[in-house]
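Trainee: I have a new structure to read. Please show me how to start.

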Amino acid sequence: MTDADLWSRRLTWLGGVDLDTEYAQAREEGRDLGPLRTEFERLLAVPRASDQWFPHRGGGRDGAWQAAANKLLDAVQGRPLRGDYRYHEPDDLASIRAECAVPSPLPMFPGGRDELLRRLHGGLLGRICGCMLGKPVEGHDRRSIRVHAEATGRWPITDYLLRPDPRQYAAIEGAKPDKMPKPTDLKFYAGEIEGAVIDDDINYTVIGHAVVQQCGADFKPLDVAEFWVTHLPLRTACTAERIAYRNLADAVLPPDSATYRNPCREWIGADIRADYYGYANPGDPQRAAEWAHRDASVSHVRNGIYGSMWVAAMIAAAYVLDDWYDVIEAGLSQIPERCRLRDAVDRVTAMRHAGESWEAAVDSIHAEWDEMNHHGWCHTISNAQVMVAALLWGDDDYGRTICRAVMPGFDTDCNAATAGSLWGVMHGVDAVPREWTEPMRDRGVSTIPRWSSFAISGLAAEMTETAVANGALA
């Protein structure tokens, strides 16, 4: 293995052109590819390595191939939308708002600083616990997650996962050797947890707070970008964020940093950056969504942006609403009515209204999205559907909700983190069950220097102060 191969393996998704994802993305967003289709098919026919996570490497995909692929990515951005495309999905905030439904008025947040802290602390702790539940099986498909849990008698999942040993794992019918839990020093299994471990779902929540703390409520996308390249290690950024980071280093600034050679521009990354913008705007989904839009526009477009706005708006609404249908709708009111994300979420909520089972909802998501393909596994929309199913079939029970965010597969730690965050904000820190919170020991970590190690309660208090200073209780 060459030094370049070793470096690329250590820095997942670094280098190379994921042309397969670009081809799918361009068609899904409604591009009329015209003569570009022939070039896509010619380049995609060139043999590649079998590793789906490094589709650029191997076979005839050499430097000349990558140069031709980059030229094709550039050409896609100049193609118009198809005449029969039924969605209207703008990127700028004014156009997004023009496409939104008129939201129903929400009650004012009735609490003061103490109640804001109780609820925000619940969201932060609920997020961290959900993330730690999903982290051991991040990247595993639905079948492998079940095999993993069955190996230690934890299916259906109702608690943190246990670490199966090779003998236990091999004894389960259908076990795949490549999905055997990898040796790791990360303590995220039941009986081993001594607090949270480093994860991007926590990093970005810290970053959202840090940006508002440093720049105030009027922070700009460029402030987010500057914080990344100053404080966020490149290795901790993935997919669209890593591509945007590379663009920023080349002086490609927002919003161009989101579109320049970025096939992952509608993946889930901006969703997991949105939580603090909801925490800091209790009862004000519109303001939360606006803050999320500024952040998301650094790396995402269309439904990648909408997912972030939707999550932030839902969290803001969860402070003042106590019904998950209403919370979901409050979030949807901040994104275009004619967008794919809204359609996809509505299909899941319709199944719940019709009395269909959670299993049927999960099967329908899998019928629509191929989680064995990284574009389907990591897309904003597929994961939004999983999270909505967890909220609506979770019976307003914290453990049941985050477990149902993990068992379907897809991006397990992200979905359980966001579902846990929403639940924690609605109910407050004292309502998050002790069996989930005690293993955290009030300890958090991140790769952001000032917050490399923190007390979760202390960070919640700091976040509350920043929120109040920036109009949370105005």
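Mentor: Begin with cover. This is a predicted model. Look at helix 15, which is mostly covered.

Trainee: How many of the residues of helix 15 are buried?

Mentor: The count is 17 of its 17 residues. Helix 15 runs over residues 302–318.

Trainee: What span does helix 15 reach from its first C-alpha to its last?

Mentor: It reaches 24 Å, close to the 24 Å expected at 1.5 Å a residue.

Trainee: Now the core. Which residues touch the most other members of the largest nonpolar core?

Mentor: W310 and M440 do, in a core of 132 residues. Helix 15 gives this core its largest share, twelve residues.

Trainee: What is M440 in contact with, leaving aside neighbours within four places in sequence?

Mentor: Its contacts include L125, I128, C129 and M132. Y160, I193, G195, A196 and I456 are also in contact with M440.

Trainee: Let us take one more residue. Is T464 buried or exposed, and why?

Mentor: Buried means under 20% relative accessible area. T464 has 2% relative accessibility, so it counts as buried. T464 lies in helix 24, residues 456–469.

Trainee: Which backbone oxygen does the side chain of T464 reach?

Mentor: That of A460, at 2.8 Å. Here is the general idea. In an α-helix there are 3.6 residues a turn, so residues three or four places apart point the same way.

Trainee: Which residues does T464 touch, not counting those up to four places away in sequence?

Mentor: T464 touches R113, L116, L117 and L120.

Methods: Residues numbered from 1 in each chain as written. Predicted model: local features only at pLDDT ≥ 70, side-chain atom pairs only at ≥ 80, totals over all residues. Heavy atoms only, no water. Helix = DSSP H or I, 4+ residues; strand = E, 2+ residues; numbered from the N terminus. Expected span 1.5 Å × (residues − 1). Buried < 20%, exposed > 50% of the residue type's maximum accessible area, 1.4 Å probe, protein only. Core = buried A, V, L, I, M, F, W, Y, C linked by side-chain atoms within 4.5 Å. Contact = heavy atoms within 4.5 Å. Polar contact = N/O pair within 3.5 Å; in protein donor to acceptor, adjacent residues only side chain to side chain.
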